[in-house]
Amino acid sequence: MRAAIIGDLHGKSCWKKLLEGRFESFDKIIFMGDYSDDSWITFTDEEIVNNLKDVIEFKKNHKDNVILLIGNHDFQYIVGYPTASRYRKSYAKEMHEIFNDNEDIFNPIYIKNNYIFTHAGITNGWIDYIKKKYDIKDININNIYDIVNIVYKNDKDDCNIASYRRGGGNKFAGILWADIGDLSEDAWIGYNQVVGHNRVKAGSVIKKDSYAIYMSDHFDTEQDKLLVLDI
């Protein structure tokens, strides 16, 4: 499977140019979340909202080929209260309605073959926390998809745990908040991971044993680069 990975947008419309004339060459196009809020470039509320609407329309027009993941910046509008920086009260109500009216097309996790896609990545600390809280004996690639969705449905905050590296009070991070330091020291290995969330240079990869964590959050500085993976 050939996949195009669209990292954190934060209002940027560069995904349109990156996919222009290339859509048919990809089996899947995977958006890694964080459609909302802003990073280095200042976008208006309208620009960010309209870009999200365009992403949603793109998904609906290509339902089987496009995956939309949830990011930590999107999470705060889904739940309806600020949990991350750059929260915008000015469009919070509209964003809440957009995400929740379309909740069936946004997912916290996607898996294909030996590749696991989440916004920020899966750590051993988070796996251990989920095992203990939900009384699960074993978590592996065969059941992680169902487990993450159960956790997200049962208590969304369990996915939104930040470690001390990102200002949280925890030693470990959840799948929406894992920092590059969390992944470097404590990534859940045995599988390849694909993540956004951490600002990196295009093509950045963390190697863990014989596995890799592919990083996609490079659009703040390199909007002309597209991460493509053959899975």
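**Exercise 1.** Classify Cys14 and Cys159 as buried or exposed.

Solution. Apply the cut-offs: buried means under 20% relative accessible area, exposed means over 50%, and partly exposed lies in between, with a 1.4 Å probe and protein chains only. Cys14 has 9% relative accessibility, so Cys14 counts as buried. Cys159 has a relative accessible area of 0% and is therefore buried.

The model is predicted: local features need pLDDT of at least 70 and side-chain atom pairs count only at pLDDT 80 or more, while totals for chains, interfaces and linings use all residues. Residues are numbered from 1 along each chain as its sequence is written, and side-chain values use heavy atoms, with hydrogens and water left out.

**Exercise 2.** State how many disulfides the structure holds.

Solution. A disulfide is a covalent bond between the sulfur atoms of two cysteines. The criterion is a pair of cysteine sulfur atoms within 2.5 Å. The structure holds 0 disulfides.

**Exercise 3.** Find what Asp230 pairs with, and describe both partners.

Solution. Side chains of opposite charge can pair when their charged atoms come close. A salt bridge requires a side-chain nitrogen of Lys or Arg within 4 Å of a carboxyl oxygen of Asp or Glu. Asp230 forms a salt bridge with Arg2, and the closest N and O atoms are 2.9 Å apart. This pair links distant parts of the chain, 228 residues apart: Asp230 is in strand β10 (residues 227-230) and Arg2 in strand β1 (residues 2-6). Helices (H or I, at least four residues) and strands (E, at least two) are DSSP runs, numbered from the N terminus. Asp230 is exposed because its relative accessibility is 53%. Arg2, at 33%, is partly exposed.

**Exercise 4.** Locate the partners of the salt bridge between Asp45 and Arg88, and give their accessibility.

Solution. The closest N and O atoms of Asp45 and Arg88 are 2.7 Å apart. Asp45 lies in helix α2 (residues 45-61), and Arg88 in the loop between α3 (72-79) and α4 (89-101), 43 residues apart. Asp45 has a relative accessible area of 23%, so Asp45 is partly exposed. Arg88 has 16% and is therefore buried.

**Exercise 5.** Give the number of salt bridges in the whole structure.

Solution. The search finds 13 salt bridges. Lys12, Arg199 and Asp220 are linked in a network of salt bridges.
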